[in-house]
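This report describes selected features of one protein structure. It takes up individual residues, pockets and aromatic groups in turn.

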Amino acid sequence: MSGRPRVAVLLAAMVTFTAVLVPSAQAAYARSAQAAAKAPRTAVLDGARLQRTRARLDRDPRLQRALQDLTARADTWLDQGPWTVVDKPRPAPGGDVHEYLSQAPYWWPTTTPTADNPWGCPYVQRDGQRNPEVDSGTDRQDAEKVFDSTYDLALAWYYTGKRAYAEKAGQILRTWFLDPATRMNPDLEHAQFIPCKYDGRAIGIIDFSQSYTSVLDAQALLAAGAPGWSAEDRTAMEKWNADFLDWLKNSGFGKEEGAAANNHGTFYDMQLAALAYATGDTALARRTVLDARARRIDPQIAGDGSQPQELARTRSWHYSTFDLVAYTRLAAIGRHVGVDLWAYQGPDGQSLFKAVDYLLPAATGAAAWPHPELEFHRYAAADVVHAAADAGDPAARAAVAKLEAPPGGDLWALRPAAEQLDSIAG
């Protein structure tokens, strides 16, 4: 073969080789530029950790499997919603369709409804037994869909860049919180009402404190440049959050819930601190986390790590993990404001590490849970064990490999903030 044909062949091969490499190089460049962007200012999640995780996605098979589980969840939301408080069958007491309404989950009618007594009043409490009528006719189920969908969709957008996820999340948030015709008022005056007894209760604040902090993090993720979530949307959402925070701090119900001595108080603190941080009041966020040491941990957690008030419930396993979801998320907020809640030890040796360690025998399947529980799910403890392991607890680290994965897969690697995995209302 002459020199000229050989050169031509080599040039052709180089062109082909370069054509194969360029798309990959372009993708790598895009990922690098994306990863270099400013970390999202999340309230519970660690934005810098999410940023590092995103940068490792292409070379970590474990993260890729978790992302498949996450996007499978996000995909289910694309053809659902949006939801609004104004479409319930009847408005909250007072008649304002924009008021959020939910019904106390563990209260039941005692008589057959009649024309004169359409609710079947009086109602009586059955702890841990959920009255199915609370899932229809109020806003509770739709609110939970708003919380879950926006979190899944925002996370899926952050990790994949898929426009449809961000646009759907923005549509859901605007419909529930911002659009004048469909928005929710920024209060919970009619949460967990009891027919013929109370038009609303302070205890109903937990409807939001369970999961609204995930919505705050979803907003922070979308604010990192998501399509379909404009500067006007961000400003309007910040105003809604500020108004809701003001109601939590200053309303009668807010003050009453803040004084609660069990998981309601812990979740109130977690929600208050997250809202304060998200709206720029870092001093209030820091003070709330600091106060939780003597105000929450000391009286709620025993020296052996048990939570006596939660063990007294008919769902003692659920409520023990439930309370620790609030504590571990509060500790995550503390990280943003310079407070290490994990390091705290009370006068009797109380600590979050001990509280998580108390769950480990049942969480790993090594021993049965020795307290009353109507519906035991071992996986309910998975996230709080992950949180303790990440915070440096050797026993929790050893337990991680023995955890039962929750339905839908273990997403901790992608969203390292505890969720109530066996969630029930109340």
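Asp139 is located in the loop that runs between strand E2 (123–125) and H4. The model is a predicted one. Asp139 has a relative accessibility of 0%, and because buried means under 20% relative accessible area, Asp139 counts as buried.

When neighbours within four places in sequence are left aside, the contacts of Asp139 are Thr84, Val85, Lys88, Glu99, Tyr100, Leu101 and Trp176.

## The largest pocket

The largest pocket holds about 730 Å³ of space. Its lining consists of 32 residues, and those nearest the centre are Asp148, Glu419, Gln420, Leu421 and Ser423. By class, this lining comprises 13 charged, 12 nonpolar and seven polar residues.

Two helices, H4 (140–160) and H13 (316–336), each contribute at least two residues to the lining of the largest pocket. The largest share, six residues, is supplied by H4.

At least two lining residues come from each of H7, helix H8 (231–250) and helix H10 (263–278), and H8 gives the largest share, with four residues.

Helix H7 spans residues 212–222 and is mostly covered, with 11 of its 11 residues buried. The buried residues of H7 include Tyr212, Asp217, Gln219 and Ala220.

## Arg234 in helix H8

Arg234 belongs to helix H8. Is Arg234 buried or partly exposed? Its relative accessibility is 29%, so Arg234 counts as partly exposed.

Apart from neighbours within four places in sequence, Arg234 is in contact with Ala223 and Trp229. Along the chain, Arg234 and Gly252 are 18 residues apart, and their C-alpha atoms are separated by 29 Å.

The whole structure contains 20 aromatic pairs. One of them is formed by Tyr158 and Tyr159, whose ring centres lie 5.6 Å apart. The planes of these two rings stand at 80°; because planes over 60 degrees apart count as edge-to-face, the pair is assigned to that class. Both Tyr158 and Tyr159 are buried. Tyr158 also has Arg54 over its face, at 4.0 Å from the ring centre. A further arrangement of this kind involves Arg313, whose charged end sits over the ring of Tyr319, 4.0 Å from the ring centre.

## Ala381

Ala381 lies in the loop between helix H14 (352–363) and helix H15 (382–390). With a relative accessibility of 0%, Ala381 counts as buried.

Residues up to four places away in sequence being excluded, Ala381 touches Trp317, Thr321, Leu359 and Ala363. What distances, in sequence and in space, separate Ala381 and Ala418? The two residues are 37 residues apart in sequence, and their C-alpha atoms are 9.2 Å apart in space.

## Thr288 in helix H11

Thr288 is part of helix H11, which covers residues 282–300. The relative accessible area of Thr288 is 7%, so Thr288 is buried. Beyond its neighbours within four places in sequence, Thr288 is in contact with Asp269, Leu272 and Ala273.

Note on methods: Residues numbered from 1 in each chain as written. Predicted model: local features only at pLDDT ≥ 70, side-chain atom pairs only at ≥ 80, totals over all residues. Heavy atoms only, no water. Buried < 20%, exposed > 50% of the residue type's maximum accessible area, 1.4 Å probe, protein only. 1 Å grid on protein atoms, 1.4 Å probe; cavity = no way out; pocket = protein on both sides within 12 Å on 5 of 7 lines; lining within 4 Å. Points joined across faces, edges and corners; volume = space filled by probe spheres on them. Nonpolar A, V, L, I, M, F, W, Y, C, P; charged D, E, K, R; others polar. Phe/Tyr/Trp six-rings, centres within 6.5 Å; stacked < 30°, edge-to-face > 60°. Lys NZ or Arg CZ within 6 Å of the ring centre and 35° of its normal. Contact = heavy atoms within 4.5 Å.
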